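Subject: Two-chain model, handover

Hello,

My notes on what turned up follow below it.

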Amino acid sequence: MNDQSLRSALSQARGLGSAKGGSAHWWTQRVTAVALIPLAIWFLASLLALGRGNHADFVDWLQSPLNTILMVSLVIALFWHMALGLQVVVEDYVHTRPLKIFASVAIHTGCALLVVTGLVSIARTIT
Amino acid sequence: MKDDNAPLSPALQIYRPQLTSVLSFMHRLTGIALSLGSLLLITWLVAGSMGSSAYDMLLSFLRSWTGLLLLFGWTFALFYHLCNGIRHLCWDAGYGFELKTIYASGWMVVAASLSLSMATWLIGIYAMAGGA
């Protein structure tokens, strides 16, 4: 500790070490992964049914309450999982700290914007 | 500015590929491919909210050969990431770490993702042809 400093020993030690959030990323990635198993299967099955349809079929399909709920869930779980996954890729392959932080923030911001875009579009379609 | 001591990924130039490493690499690659595919999902939802002309335009692109090829690629990426993701979840739960089991589950993932992609497209083609 620096004897010249007016800061207390505690204030100099605070903030060093683990941020205590190390397992949150890991757990959120797993929980969203499990949620995406049924959602992905439902989504593929829906696409097979909608493949031959037109815009009216799409609106009818999305307006069904179950489909609305599942589509909103899919959009949220998908982009959450995607942000966490891409963040790990960046952390592994980008080796300069400023670029790593910038890329990570850009990924999370981009995914958040995509979620909002998706949810607004769903709301506009079903109303 | 290289200022952290994070562990490095294996040096690929001197690394002999094995089924395990190739499948691991493919999990990342399909994850990135699916991230690009998610942009199509949002485009689809936006087009749907804009009305039938935008929706028809997107569908006519997706029904072109380029569109179908992209969709087939994403179908495989989805099934691969799904199957291998379940394999990862088993490992997270503490199961399947014996070398023999790791190889067996790896080949299962390859077989399952290929056959599920084929089956999905056969059903899709059958439905498109007016069978269902």
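In chain A, 68% of the contacts between residues at least 6 apart in sequence join residues at least 24 apart. Two residues are in contact here if their C-beta atoms, placed from the backbone, lie within 7 Å. In chain B, residues 24 or more positions apart account for 71% of the contacts with a separation of 6 or more.

This is a predicted model: local features need pLDDT of at least 70, side-chain atom pairs count only at pLDDT 80 or more, and totals for chains, interfaces and linings use all residues. Residues are numbered from 1 along each chain as its sequence is written, while chains are lettered from A and ligands numbered from 1 in the order in which they are written.

Confidence

The model scores ipTM 0.88 and pTM 0.88. Chain B has a mean pLDDT of 92, with 93% of its residues at 70 or more. pLDDT is the predictor's confidence in each residue, from 0 to 100. Where it is low, the predicted coordinates should not be read in detail.

Overall build

Chain A has 5 helices and 0 strands. Its elements run α-α-α-α-α from the N terminus on. The radius of gyration of chain A is 21 Å, well over the 14 Å that the globule rule gives for 127 residues, so chain A is more spread out than a compact globule. Chain B has 4 helices and 0 strands.

On terms: helices (H or I, at least four residues) and strands (E, at least two) are DSSP runs, numbered from the N terminus. The radius of gyration is taken over C-alpha atoms, and the globule rule is 2.2 Å times the number of residues to the power 0.38.

The C-alpha trace of chain A spans about 75 × 30 × 25 Å along its principal axes. For chain B the spans are about 55 × 45 × 30 Å. Of the 127 residues of chain A, 18% count as buried. For the 132 residues of chain B the share is 20%. A residue is buried if 20 or more other C-beta atoms lie within 10 Å of its own, exposed if 12 or fewer, and partly exposed in between; C-beta atoms are placed from the backbone.

The interface

29 residues of chain B are in contact with 31 residues of chain A. On the chain B side, α1 (19-50), α2 (52-62), α3 (65-92) and α4 (99-128) each supply at least two residues. The largest share, 10 residues, comes from α1(B). That side of chain B divides into 12 nonpolar, 11 polar and 6 charged residues. Ala, Val, Leu, Ile, Met, Phe, Trp, Tyr, Cys and Pro count as nonpolar, Asp, Glu, Lys and Arg as charged, and the others, Gly among them, as polar.

Helices of chain A

Helix α4(A) covers residues 65-93. Its 29 residues should span 42 Å at 1.5 Å a residue, and its end C-alpha atoms are 42 Å apart, which agrees. The expected span is 1.5 Å times one less than the number of residues. Its buried residues include A:Met71, A:Phe79, A:Trp80 and A:His81. Their cover includes α2 (22-50), α3 (55-63) and α5 (97-126) of chain A, together with α1 of chain B.

α2(A) bends by about 35° at A:Leu36, and a proline, A:Pro38, follows within four residues. The bend is the angle between axes fitted to the seven residues ending at a residue and the seven starting there. A:Leu36 is also buried, as are A:Thr32 and A:Ala33. The buried residues of α2(A) pack against α4 of chain A together with α3 of chain B.

Helix α1 of chain B

The 32 residues of α1(B) should span 46 Å, and its end C-alpha atoms are 46 Å apart, which agrees. Among its buried residues are B:Thr30, B:Leu34 and B:Leu41. What covers the buried residues includes α3, α4 and α5 of chain A, with α2 and α3 of chain B. B:Gly51 follows α1(B), with a positive phi near 130°.

B:Gly37 sits in α1(B). Is B:Gly37 buried or partly exposed? B:Gly37 is partly exposed, with 19 other C-beta atoms within 10 Å. Not counting residues up to four places away in sequence, B:Gly37 touches B:Trp74 and B:Ala77.

Best wishes
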